[in-house]
Amino acid sequence: MIYARIAGTGSFLPEKVVTNKDLEKLIDTTDEWIQERTGIKRRHIVADDETTSSIGLEAAKRAMSDAGVGPKDIDLIVVGTATPDKIFPSTACIIQRQLGVKNSPAFDVHAACSGFVYGLDLANRYIQTGGAKTVLVIGAETLSRITNWDDRSTAVLFGDGAGCVVLQSSDEPGILATHIHADGQYEELLHVPNGISVGFDQTRAGRSYIEMNGNAVFRRAVAAFDNIARETIADLDGDLGDIDWFVPHQANMRIIKAAAKKLGMPMERVIATVDEHANTSGASIPLALDLAVRDGRIKRGDTLMFAAFGAGFTWGSAMVKY
Ligand code: ACO
């Protein structure tokens, strides 16, 4: 049996930090409201000369160094992002060039906040079927570029960042199970109304930013995590005690707590970075993973559970022996 194993992790956060207090000066909000409703304290925001590919590149370099692999070893690059540098080429192709990787396939997966888990599912299948041996799965986002900084209902929620895992084929168990899903019927609850093909016409003028019905999204997110919990319990024959660490998408501390409760996971075994990073969409899981690996909480041999939910709606999970 061929497994896909996480051989290394890396992450990168832009230097600029925007605190809730900074936002108080821009919009009608308070640090207290933001922390109480979301758990967020601060977020990192890219500089004018930084892009999704430039921060994704740094995360990839760190993950490759951690795994001890070089450009010649990489035979697939998958980037989960909803904020690509350009319409084309893909962010994955831009990163491929900067890394000096030659001839590997490279493409983006667009599943909003579930992009990393979707990418992991795909890369796992490539490795298990012998299509690739060493794969970069990157989650990278510059959500600040599609955030309306005048809209207090969304401006407080998002941040920028990137994370990456190097997946390698192995005889030893690595990714144990993945599940990905989508339900397209709620498009308008969380979307960017303007776009390439729908256009940027007068009726949608100014609507090139994230628009969200927060309450409805909250309810759908909790329902999706319920679905994930049921699938996971079935995978484990009911023994959730096998999971050492729950690494959820970092959207909102209240959603994370509700999801952990469904899984019966005490908060001491949940990796939560939403306070420091806000919601970095497809980057949030690999960022949180790398942070917990670096600070020594996640160790080799631990069983991890990733769970994501995002626009689409999309959702998914992965169970991984680290
Ligand atoms: N500061 C102060 N007050 C605010 C702010 C703010 N930043 N934003 C909204 N309010 C006000 C509202 O205007 C409203 O006032 P009103 O009662 O006078 O009308 C009041 O606060 C309550 O607003 P609600 O929207 O009901 O607040 P809620 O408790 O639902 O929290 C939130 C809003 C945080 C957005 C919540 O709904 C949520 O977290 N939803 C899920 C969002 C999410 O996770 N999205 C991403 C998931 S997918 C992905 O990651 C892309």
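## Ligand between two domains

In this predicted model, the ligand lies between domain 1 (3-172) and domain 2 (176-274 + 283-321), because both domains give residues to the shell around it. That shell holds 23 residues, and the closest of them are Thr-29, Arg-37, Cys-113, Asn-252 and Asn-279. By residue class, the shell divides into 10 nonpolar, nine polar and four charged residues.

## Polar contacts and burial

Which atoms of Asn-252 and of the ligand are 2.4 Å apart? They are an N or O atom in the side chain of Asn-252 and an oxygen atom of the ligand. The side chain of Trp-33 also places an N or O atom at 3.4 Å from an oxygen atom of the ligand, whereas Gly-214 has a backbone N or O atom that lies 3.0 Å from a nitrogen atom of the ligand. The ligand taken alone exposes 1,000 Å², of which the protein buries 73%.

Two or more residues of the shell come from each of the following elements: helix 2 (31-38), helix 6 (152-155), helix 7 (214-235), helix 8 (253-263) and strand 12 (303-310). Helix 7 gives the most, with four residues.

Five strands form an open sheet with mixed pairing, in the order 1-7-6-4-5. Strand 1 (3-12) and strand 5 (106-109) are the edge strands, each of which pairs on one side only, and from one strand to the next the twist averages 20°.

At one end of this order, strand 5 and strand 4 (residues 76-80) pair in the parallel sense over four bridges. Within strand 5, Ala-106 is the bridge partner of Ile-77.

## Backbone geometry in the loops

Most peptide bonds are trans, and most residues other than glycine have a negative phi. Against that background, the peptide bond from Phe-88 to Pro-89 is cis, with omega near 0°, and Pro-89 is found in the loop between strand 4 and helix 4 (91-99). Another cis peptide bond joins Gly-312 and Phe-313, with omega about -10°; Phe-313 lies in the loop between strand 12 and strand 13 (314-321). Strand 12 is also among the elements that give two or more residues to the shell around the ligand.

Where is Asn-103 placed? Asn-103 is in the loop between helix 4 and strand 5, and its phi is near 70°, a positive value in a residue other than glycine.

Notes. Residues numbered from 1 in each chain as written. Predicted model: local features only at pLDDT ≥ 70, side-chain atom pairs only at ≥ 80, totals over all residues. Heavy atoms only, no water. Near = heavy atom within 4 Å. Polar contact = N/O pair within 3.5 Å; in protein donor to acceptor, adjacent residues only side chain to side chain. Areas by Shrake-Rupley, 256 points an atom, 1.4 Å probe, with all protein chains shown as cover. Nonpolar A, V, L, I, M, F, W, Y, C, P; charged D, E, K, R; others polar. Domains from an automatic or database assignment. Pairing = 2+ DSSP bridges. Axes fitted to C-alpha atoms, helices over the stretch in contact; angles between N-to-C directions.
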